[in-house]
Amino acid sequence: MSKKENSSPEEERREAGKKQSLSAKIGKGIRGATKTAMFTAACVGAGTLVGASNYFYKTALVPKRQKENPKAENEGKEYIEGRKWAAGHPGRKDIYIRADDGLQLHANLIPSEDPDCHRYAVCVHGYAGSSFGVGLFASVYRDRYGMNVLLPDLRGFGSSDGDYIGMGYDDSRDLLCWLDWIIQKDPDARIVLHGVSLGAATVLMTTGLSLPSQVRAAISDSSYTTALESLEYLYKKQDNAVIPAPVMMEFLRAVTLVRAGYDLAKASPVEAVAHSHTPTLFIQGQADHTIPAEMMPRLYKAASCPKAFLWIPGADHKKAVIVDPETYWARVERFLHAQGVEI
């Protein structure tokens with residue numbers, strides 16, 4: 001007779017309990033190991049995300065001084081000649097002011113030949129380089145239209161302090177400081193803002209603030225709708241963009257908030273123009289591969305100010321003024337005259 005057949009009901013109950021207890025311990029161990037593995041994987045994944053977002057932050061939002069940025073020399077001879085014009089102009093003056101947060105900001109002032117001129121063009125440079133990068137535009141305002149021109153270095157660029165790119169958010173408040181500087185110097189000033197790329201986004205975000213009456217009009221050439229949309233577009237074009245773009249943007253937003261102190265979601269020209277009262281001309285190259293061309297109609301539609309637009313067929317990023325300069329400047333002139341702005 002087997003041992004099992006000799007066992008009492010109580011002994012069988014105790015034996016079954018031991019088996020259940022052992023099974024429970026094994027199950028608990030497996031579940032614990034699974035949770036540990038999942039937690040470890042989550043930590044590794046989070047670490048990868050943080051590392052990737054920090055890398056993208058360094059790539060996209062840490063400014064590269066012009067001397068470190070060879071791309072700045074590959075935009076075409078017109079831009080190069082414009083830089084030379086601004087950097088070597090005998091009348092150029094270095095101007096320094098303090099931003100609201102204490103950073104020292106720099107700009108180049110090239111006065112009009114007419115000492116009694118009260119007309120100013122503030123030309124704001126793009127994502128790469130420095131204020132000399134808009135020398136092409138400043139030369140037209142100064143030499144053709146006889147205006148005073150101010151070329152600010154955005155924070156982190158040129159001779160301005162800063163270790164991050166403000167994507168138009170902090171930059172718009174810095175531009176307000178420059179407007180205050182002009183008006184304190186010349187209360188009768190009549191000012192036109194002209195920005196390109198990041199400079200255009202800065203100009204548009206500035207028009208969404210409370211501006212002095214001396215600001216008469218704005219020109220936006222190749223602005224993005226929002227910083228996050230622009231950065232997501234650039235991120236998706238990278239070969240190593242394996243992390244889903246929406247996830248990367250949220251982590252990038254968090255990293256930027258910690259390292260630069262501002263929320264990328266608030267760098268939104270499309271929201272700013274909805275509050276603008278400044279007459280604005282929107283310009284876009286239809287072959288732009290850096291800022292999607294379809295962003296311009298969204299900006300135009302959202303704008304609550306007097307407005308107009310100009311498409312330049314075949315023009316890539318910031319190249320509208322090079323591809324068809326006659327149409328470009330004729331449209332600027334016509335727009336400003338329509339708004340009663342003397343140039």
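**Group meeting: strand β3 and its surroundings**

Let me start with a pairing. Strand β3, residues 119-124, and strand β5, residues 190-196, run parallel and share six bridges. Within that pair, Tyr120 sits opposite Ile191 of β5. Keep in mind that this is a predicted model.

Now the other neighbour. β3 also runs parallel to strand β4, residues 148-152, with three bridges joining them. Here Val122 stands opposite Leu150 in β4. How does the chain cross from β3 to β4? It passes through helix α4, residues 135-144, and the β-α-β crossover is right-handed.

So much for partners. What about cover? β3 is mostly covered, with six of its six residues buried. In a regular strand, side chains alternate between the two faces of the sheet. Look at β3 with that in mind. Arg119, Ala121 and Cys123 point one way. Tyr120, Val122 and Val124 point the other way. Both sets are buried. Note that Tyr120, the residue opposite Ile191, and Val122, the residue opposite Leu150, point the same way from β3.

Ser139 lies in α4. Is Ser139 buried or exposed? Its relative accessibility is 16%, and the cut-off for buried is under 20%, so Ser139 counts as buried. Which residues does Ser139 touch? Leaving out residues up to four places away in sequence, Ser139 touches Trp85 and Arg144.

Next, helix α5. It covers residues 169-185, 17 residues in total. From first C-alpha to last, α5 reaches 25 Å. That is close to the 24 Å expected at 1.5 Å a residue. Why call α5 largely enclosed by the rest of the structure? Because twelve of its 17 residues are buried.

Last, the whole chain. How many helices and strands are there? Twelve helices and eight strands. The chain has 343 residues, and 49% of them count as buried.

To recap: β3 pairs in parallel with β5 and with β4, and six of its six residues are buried.

Terms used: Residues numbered from 1 in each chain as written. Predicted model: local features only at pLDDT ≥ 70, side-chain atom pairs only at ≥ 80, totals over all residues. Heavy atoms only, no water. Helix = DSSP H or I, 4+ residues; strand = E, 2+ residues; numbered from the N terminus. Expected span 1.5 Å × (residues − 1). Buried < 20%, exposed > 50% of the residue type's maximum accessible area, 1.4 Å probe, protein only. Pairing = 2+ DSSP bridges. Right-handed = clockwise from strand over helix to strand, strands pointing away. Contact = heavy atoms within 4.5 Å.
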